[in-house]
Amino acid sequence: MTRTPRRPSAEATPPAPVLADQLRSSLEDSAVPGRAEGEKAYLKSPLEHIGVPLPGMRAVVKTFVRRYPGLDRDTLLELAEELWDPPVHESRSCAALVLEGYVDQLLPEDTALLEQLLRECATWAHVDLIAPKVAGGMLLRHPQTAEDFLRWSRQEDQWVRRGGILSYLLALRQVEEFPYYFKDFCDLADPLLTDSRFFVRKAIGWALREGTKHHPEEICDWLRPRLPRVSGLTLREAIRNVPEETHRELVQAHAELNGRRPRSRT
């Protein structure tokens, strides 16, 4: 009688501290000699850097997710905190990427952990890993989290505020989801237009630009009456991809309102 080969049993999942050590070891193996110092200077980072580029970190986490596809939520949350705790840029990046890899496991109450991480961010680079894909994924899966992201946007901490703005990036990027989420985003962003901080202004423009990929008219119609309050940075980011005629119109109007010569399109 022919015997059917037995499938190997699934690998048991080690505790979170062991998993964190595995990931850190993989990161160290992926470090690029000479990269750490330059990256630390570029990001003006107070953290330790070991010199792993973002694609390398994504590859490490992708391999990890394939190895442990059934990671449970409690272990996931503990692992994220284990990775975040050391003041090492790549370890903290990995914490965000692991949360992204298992975002479907997260529940609405887990926005509390994301807010904690945002408050401890020392760079936009970590905000931009936590907010668009992790918080953004939660928004699409659990629309009630919009209340938390609105609250983030009202915080004075610029990284928490940027996180609230960028939590809408995925929703505004998707044609089907845009009509449902655009009004909420506008309510969130409108009072932030006068925020003078670079990373807040750029985040608003970035989010709006995602919408112009498929709903440019709606974005431009929202911007027109707000041009007196919109910064040049936000406007440039938002309308980078709109048709030439509309782009020229908005830039000209904004320049006239601010008594400046319009900048050419780049």
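So, H5 and H7 are roughly parallel to each other, where angles under 35 degrees count as roughly parallel, over 145 as roughly antiparallel, 65 to 115 as roughly perpendicular and the rest as oblique. This is a predicted model, so to speak of local features we need pLDDT of at least 70, side-chain atom pairs count only at pLDDT 80 or more, and totals for chains, interfaces and linings use all residues. Residues are numbered from 1 along each chain as its sequence is written, and side-chain values use heavy atoms, with hydrogens and water left out.

Back to our pair: the axes of H5 (residues 89-101) and H7 (residues 124-141) come within 9 Å and cross at roughly 5°. Axes here are lines fitted to C-alpha atoms, for helices over the stretch in contact, with angles from 0 to 180 degrees between N-to-C directions. Helices are DSSP runs (H or I, at least four residues), numbered from the N terminus.

Which residues of H5 meet H7? They include His 89, Arg 92 and Leu 97, and on the H7 side Ala 125, Leu 129 and Lys 133 are among the partners; contact means heavy atoms within 4.5 Å.

Now the other pair, friends. H12 (residues 198-212) and H13 (residues 216-223) pack at about 140°, with axes 7 Å apart. That makes H12 oblique to H13. Leu 208, Gly 211 and Thr 212 in H12 meet Pro 216, Ile 219, Trp 222 and Leu 223 in H13.

Finally, H5 and H7 turn up again: along with H2 (35-43) and H3 (54-67), each supplies at least two residues of the lining of the second largest pocket. Thanks, everyone!
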